[in-house]
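Hi everyone, thanks for coming. I'd like to walk you through one model this morning, so let me put it up on the screen.

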Amino acid sequence: MAITLTSVIIDAADIEAEGTFWHHLLGGSVHRTPTHRFIQAPGLPVVVVQSAPGHVAPSWPDGISQQLHLDFGVDDLASADRTATEAGAIRLRPAGAASDHTGSRVYASPAGHPFCLRAA
């Protein structure tokens, strides 16, 4: 049996802000419906932002579970960091943290979903 990951679904109360963030970070194209944003970026499964009016962001790393997070391999960590923060990412660990020295930086999207950028 073969299994293929076809999409990653991300809940958000504000799908326009969350969809715009992921589109800016990942590139590609975006298709909008009243309740979803479908981001198709080269080499990735479809990233779908779906409307979740009652969504509450996880308070990880200092609170409730992160629930799920995404790791992205990048060839230029400094450039990817600028792209992420310009798109609206929030760094969850300060610059110069131990994770920076291991080639990994930890962020949250505007809706609070954690993700990492890692040197490939």
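Let's start with D81, which counts as buried at 14% relative accessibility. Buried here means under 20% relative accessible area, exposed means over 50%, and partly exposed is in between, with a 1.4 Å probe and protein chains only. Before I go on, two notes on the ground rules. This is a predicted model, where local features need pLDDT of at least 70 and side-chain atom pairs count only at pLDDT 80 or more, while totals for chains, interfaces and linings use all residues. Residues are numbered from 1 along each chain as its sequence is written, and side-chain values use heavy atoms, with hydrogens and water left out.

Back to D81, then, which is found in helix α2. Helices (H or I, at least four residues) and strands (E, at least two) are DSSP runs, numbered from the N terminus. Which residues does D81 touch, leaving aside its neighbours within four places in sequence? They are R91, R105, Y107 and L117, with contact meaning heavy atoms within 4.5 Å.

Two of those contacts bring us to salt bridges. Side chains of opposite charge can pair when their charged atoms come close. The rule used here asks for a side-chain nitrogen of Lys or Arg within 4 Å of a carboxyl oxygen of Asp or Glu, and by this rule the count comes to five salt bridges.

D81 and R91 form one of them, at 3.5 Å from N to O. This pair links distant parts of the chain, with D81 in helix α2 and R91 in strand β6 (residues 90-91), 10 residues apart. R91 counts as partly exposed, at 23% relative accessibility.

D81 also has a salt bridge with R105, where the closest N and O atoms are 3.6 Å apart. Here again distant parts are linked: R105 sits in strand β7 (residues 104-108) and D81 in helix α2, 24 residues apart. R105 is buried, with a relative accessible area of 17%.

Elsewhere, salt bridges that share partners join E16, R32 and R37 into one network. R37 lies in strand β3 (residues 36-40) and E16 in helix α1, so the pair ties together parts that are 21 residues apart in sequence. R37 is buried at 11% relative accessible area, whereas E16 is partly exposed at 32%.

Now for the two helices. Two packed helices are described by the angle between their axes and the distance between the axes. For α1 (residues 15-26) and α2 (residues 77-87), the axes come within 9 Å and cross at roughly 160 degrees. That makes α1 roughly antiparallel to α2. The contact is made by F21, H24 and L25 of α1 and T83, A84 and A87 of α2. How do these residues divide by type? Four are nonpolar, two are polar and none is charged.

Last stop: G28, in the loop between α1 and β2 (29-32). G28 counts as partly exposed, at 48% relative accessibility. Its C-alpha atom is separated by 6.4 Å from that of P42, 14 residues apart along the chain. Leaving aside neighbours within four places in sequence, G28 is in contact with H23, Q40, A41 and P42.

That's my tour, and I'm happy to go back to any part of it.

Methods: Axes fitted to C-alpha atoms, helices over the stretch in contact; angles between N-to-C directions. Parallel < 35°, antiparallel > 145°, perpendicular 65-115°, else oblique. Nonpolar A, V, L, I, M, F, W, Y, C, P; charged D, E, K, R; others polar.
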